[in-house]
Amino acid sequence: MPPTESLFGSFGKKQFENVPKNDSVSSIAAAPYFANAAFLPDYRHIFTAKAKTMLKTLLKPVALLTLMLGAALPASAETLHYNVVEFSESASVELLRDTMTVNLRVHEEGRSRETVSGNFVKKLNNVTRKASAAPFKSELLHRSASPRYEYDSKGKRTQTGWEEQAVVQVESKNFEALNKLVAESRSDADLESLTFKVSKQNRQDALDEVSQAALARFKDRAAALAKAMGFRNYKIVRLNFGQIGSRPIDSGTPVMMRAAKAAAVSDEAAAPVPEHTSPGTEEVSITVRGTIQM
């Protein structure tokens with residue numbers, strides 16, 4: 001059926017074909033034929049049925065997607081909103097500071113650069129040679145050489161000498177040997193600082209120990225809480241070993257030097273010898289934070 005006839009019927013087709021084709025008057029001439037549309041058939045039920053069919057077709061993928069998303073969500077997602085307890089447990093251990101570290105400062109100054117450099121190198125070699133032997137671990141932290149100046153009343157600068165210095169760090173677990181090294185090196189170097197610390201291996205072993213202890217306490221407390229609340233068991237939802245602490249318990253005492261007993265003693269024996277060293281202790285701790293569900 002032609003489009004015109006399908007819309008207006010045979011009568012409408014004839015009336016429409018009689019409308020003048022002049023563009024300027026076509027709308028005016030056609031107005032009487034469309035002003036009264038009683039002769040036109042009612043096609044609304046056709047368009048309504050088509051609209052319903054198209055709407056159902058469009059909604060099918062949406063309904064399918066909603067069903068798929070609902071199936072993808074875990075069934076236990078809602079269970080995290082109840083019977084959840086968050087708490088922390090800590091464990092610590094006290095460690096002896098088993099490592100001693102000293103900084104020895106080698107210094108030389110004078111007017112002649114050649115003389116200063118020669119004496120400085122001799123001193124530095126003596127210290128580094130002793131510090132390189134067992135049971136020491138040594139490192140050169142700093143070395144510098146610079147001229148010295150003086151200024152007259154007119155502000156004129158004049159070089160008056162030369163200065164060289166270095167800092168050698170020596171570390172050992174043998175306190176007696178290191179104290180002896182300090183005493184034997186006093187003619188070549190000054191003791192700039194002395195500190196104690198826990199060795200890296202001992203600290204790591206202590207962290208492993210306190211981690212296991214803190215975790216055991218966490219599990220014991222979780223079981224006790226579950227029992228107190230009327231549950232037979234629990235499950236760990238989240239666990240964090242993030243907080244590690246370290247603090248001094250006993251800061252220790254400085255090295256004590258024993259003076260010469262008599263002037264008749266030889267120079268080597270008369271040199272001050274470390275008598276006693278107290279390194280102190282340090283506490284290493286860890287805190288376990290976690291969440292359980294019962």
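**Labels and the values behind them**

Student: How do you know that the span of helix α6 agrees with its 29 residues?

Tutor: This is a predicted model, and the check is simple. Helix α6 covers residues 200-228, and at 1.5 Å a residue those 29 residues should span 42 Å. The C-alpha atoms at its ends are 42 Å apart, so the two values agree.

Student: Which residues of α6 are buried?

Tutor: The buried ones are A206, L207, V210, S211, A214, F218, A222 and A226. As background, an α-helix has 3.6 residues a turn, so residues three or four places apart point the same way. Just after α6, G230 takes a positive phi of about 85°.

Student: What does the rest of the chain look like?

Tutor: It has 7 helices and 9 strands. Of its 294 residues, 28% count as buried. The chain exposes about 20200 Å², with carbon and sulfur atoms supplying 55% of that. Among contacts between residues at least 6 apart in sequence, 79% join residues at least 24 apart.

Student: How many aromatic pairs are there?

Tutor: The count comes to 2 aromatic pairs. One of them is F87 with F218, at 4.4 Å centre to centre and 15° between the planes.

Student: Why is the pair of F87 and F218 called stacked?

Tutor: Ring centres must lie within 6.5 Å to pair, and planes under 30 degrees apart count as stacked. The F87 and F218 rings are 4.4 Å apart with 15° between the planes, and the pair is stacked. F87 lies in strand β1 (residues 84-96) and F218 in helix α6, so the pair ties together parts that are 131 residues apart in sequence.

Student: What makes F87 and F218 count as buried?

Tutor: The cut-off is under 20% relative accessible area. F87 has 8% relative accessibility, so F87 counts as buried. F218 has a relative accessible area of 0%, so F218 is buried as well.

Student: And why is the pair of F175 and F196 called edge-to-face?

Tutor: The label needs planes over 60 degrees apart. For F175 and F196 the angle is 65°, with 5.4 Å centre to centre, and the pair is edge-to-face. F175 is in helix α5 (residues 175-184) and F196 in strand β5 (residues 190-197), so this pair links distant parts of the chain, 21 residues apart. Both F175 and F196 are buried.

Student: How do you know that the charged end of R113 sits over the ring of W162?

Tutor: The distance limit is 6 Å from the ring centre, and the charge must also be within 35 degrees of the ring normal. The charged end of R113 is 4.0 Å from the centre of the W162 ring and sits over that ring. R157 lies over the face of Y149, at 3.9 Å from the ring centre.

Student: What makes β2 and β4 a strand pair?

Tutor: Two strands need at least two bridges. Strand β2 (residues 99-110) and strand β4 (residues 157-172) are joined by 11 bridges and run antiparallel. The bridge partner of R105 in β4 is V167. Strand β3 (residues 137-151) is also joined to β4, by 14 bridges, and these strands run antiparallel. There, S144 stands opposite Q165 in β4. β3 and β4 form a hairpin with 5 residues between them, and G155 in the turn has a positive phi of about 85°.

Student: Which bond joins A134 and P135?

Tutor: A cis peptide bond, with omega about 5°. P135 is in the loop between α4 (113-131) and β3.

Student: Is T101 buried or exposed?

Tutor: T101 has a relative accessible area of 9%, so T101 is buried. T101 is in strand β2. Leaving aside neighbours within four places in sequence, its contacts include Q169, V170, L178 and T195.

Definitions and conventions. Residues are numbered from 1 along each chain as its sequence is written. This is a predicted model: local features need pLDDT of at least 70, side-chain atom pairs count only at pLDDT 80 or more; totals for chains, interfaces and linings use all residues. Side-chain values use heavy atoms; hydrogens and water are left out. Helices (H or I, at least four residues) and strands (E, at least two) are DSSP runs, numbered from the N terminus. Buried means under 20% relative accessible area, exposed over 50%, partly exposed in between (1.4 Å probe, protein chains only). Contact means heavy atoms within 4.5 Å. Accessible areas come from the Shrake-Rupley method with a 1.4 Å probe; for residues, only the protein chains shown count as cover. The expected span of a helix is 1.5 Å times one less than its number of residues. Rings of Phe, Tyr and Trp (its six-membered ring) pair if their centres lie within 6.5 Å; planes under 30 degrees apart count as stacked, over 60 as edge-to-face and the rest as tilted.
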